[in-house]
Amino acid sequence: MLADAAVFPRDKTCGDGLTPRAVGELQLLGLDDWLRAHAVNQGLRAHGFGQTLLLPWPGGNLPSWGSAVARTELDDHLRTTAIKSGATAVDGARAVDVRREGGRVAGVVFKTDDGPLEIGCRTLVVADGVRSPLGKVLGREWHRDTVYGVAGRSYVASELSDDPWISSHLELRDEAGTVLSGYGWIFPLGTGEVNLGVGTLATSKRPADLAISPEQVARVVALVGDGTLSVGLARQAVDGVLETGADVDTVVAERGLQRVSDVDALAAAVDEAIAAQPDVAEKIRAGKVAAAGALVGAVMKATRGQADAKTVRELILQKLS
Ligand SMILES: Cc1cc2nc3c(=O)[nH]c(=O)nc-3n(C[C@H](O)[C@H](O)[C@H](O)COP(=O)(O)OP(=O)(O)OC[C@H]3O[C@@H](n4cnc5c(N)ncnc54)[C@H](O)[C@@H]3O)c2cc1C
């Protein structure tokens with residue numbers, strides 16, 4: 001059983017890089033060919049302090065190549081691979097609590113649109129990300145006194161998209177020329193785009209000096225929370241704040257980033273996606289509900305991320321049932 005609060009495909013903040021160790025793990029899942037059809041890189045080009053070093057992946061026990069795949073696509077593909085191997089997936093189910101029997105967890109309580117749902121378990125793997133809400137229910141704590149990483153990423157159209165090297169810029173300076181603790185990266189995706197980002201280290205006493213304030217981040221989170229923005233639209237809103245320095249609401253209004261969940265407004269895009277991929281539509285009609293991800297992805301692309309993925313999915317299943 002694979003339960004997730006999100007509806008797939010879903011976006012997530014990541015540099016999208018896959019090291020040879022990650023490639024090795026994906027090979028064990030039988031995804032070698034799929035991965036090779038995406039970006040393949042041969043090592044790291046490290047820039048900084050007056051020099052550029054080309055550092056090929058060392059090989060040895062690990063593959064001699066790395067890759068980079070947008071996590072919207074990779075995570076969806078991993079999930080589909082798990083489903084094909086026999087897993088049952090439940091989307092849009094937020095784990096909020098557990099039921100204990102004696103000293104062990106015997107069930108997980110989920111909040112869904114159709115009301116609470118409990119799924120019993122013998123073994124529970126909590127893989128709910130860095131904030132780990134269910135982990136917190138089970139006693140996980142964030143050790144705020146330790147150093148943590150703060151990073152931001154963007155997607156940029158670039159001729160470096162097919163570069164066989166991933167790049168790291170190890171010398172970041174602020175406007176006054178002082179060296180910063182962080183680094184920058186350019187990870188070619190082989191799609192015409194690169195994943196471009198910066199990361200730095202911070203502690204609660206010395207928060208990172210970022211171009212977006214904690215209040216602006218909180219506003220974006222609130223807009224995701226009340227359903228105005230999807231995670232993909234939130235990404236565009238943050239990009240807009242970083243580009244223009246305007247506040248979040250202004251960027252959302254000026255760029256028309258509100259999420260569209262109106263069924264009538266989405267019906268045409270759904271019909272087009274179904275017509276463009278009749279083989280996928282046929283699979284869904286035959287009961288392969290997991291195949292809906294491909295059509296949801298097409299609608300998300302056509303609406304530049306504005307469609308509400310959950311509504312789109314429901315609409316697709318309704319039309320093909
Ligand atoms: C800017 C940035 C750049 C990065 N770059 C790279 C990189 O280049 N390469 C790399 O390997 N790593 C990179 N990382 C790290 C990497 O993204 C994370 O380590 C990785 O995503 C963690 O995966 P995960 O499966 O633990 O969590 P996630 O991928 O976050 O998955 C957690 C899942 O749990 C779900 N969930 C959350 N709460 C609940 C709940 N209550 N109930 C049910 N489901 C829930 C979420 O919807 C989500 O799908 C980067 C991270 C950042 C922030």
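The shell around the ligand holds 10 nonpolar, six polar and six charged residues. Here Ala, Val, Leu, Ile, Met, Phe, Trp, Tyr, Cys and Pro count as nonpolar, Asp, Glu, Lys and Arg as charged, and the others, Gly among them, as polar. This is a predicted model: local features need pLDDT of at least 70, side-chain atom pairs count only at pLDDT 80 or more, and totals for chains, interfaces and linings use all residues. Residues are numbered from 1 along each chain as its sequence is written.

**Exercise 1.** Find which residues are closest to the ligand, and which element gives the largest share of the shell.

*Solution.* 
- Step 1. Apply the cut-off: a residue is near a molecule if its C-beta atom, placed from the backbone, lies within 6 Å of it.
- Step 2. List the shell: 22 residues surround the ligand, and the closest are Cys-14, Gly-15, Gly-17, Gly-129 and Ala-151.
- Step 3. Assign elements, where helices (H or I, at least four residues) and strands (E, at least two) are DSSP runs numbered from the N terminus. β7 (94-101), α4 and β10 (148-157) each supply at least two shell residues.
- Step 4. Pick the largest share: β10, with three residues.

**Exercise 2.** Work out the strand order of the open sheet that contains β8.

*Solution.* 
- Step 1. Two strands pair if DSSP finds at least two bridges between them.
- Step 2. The order is β7-β8-β9, and the pairing is antiparallel.
- Step 3. β7 and β9 are the edge strands, as each pairs on one side only.
- Step 4. From one strand to the next, the twist averages 30°. Such angles run from 0 to 180 degrees between N-to-C directions, with axes as lines fitted to C-alpha atoms.
- Step 5. Six bridges join β8 (residues 104-112) to β9 in the antiparallel sense. Lys-111 has Pro-116 in β9 as its bridge partner.

**Exercise 3.** Asp-16 and Ser-132: is each buried or partly exposed?

*Solution.* 
- Step 1. A residue is buried if 20 or more other C-beta atoms lie within 10 Å of its own, exposed if 12 or fewer, and partly exposed in between; C-beta atoms are placed from the backbone.
- Step 2. Asp-16 has 27 C-beta neighbours inside 10 Å, so Asp-16 counts as buried.
- Step 3. Ser-132 has 15, so Ser-132 counts as partly exposed.

**Exercise 4.** Describe the backbone at Asp-16, Ser-132 and Pro-9.

*Solution.* 
- Step 1. Recall the background: most residues other than glycine have a negative phi, and most peptide bonds are trans.
- Step 2. Asp-16 has a positive phi, near 70°. Asp-16 lies in the loop between β1 and β2.
- Step 3. Ser-132 has a positive phi of about 40°. Its loop runs between β9 (115-120) and α4 (133-137).
- Step 4. Phe-8 and Pro-9 are joined by a cis peptide bond, with omega about 0°. Pro-9 lies in the loop between β1 (2-3) and β2 (17-18).
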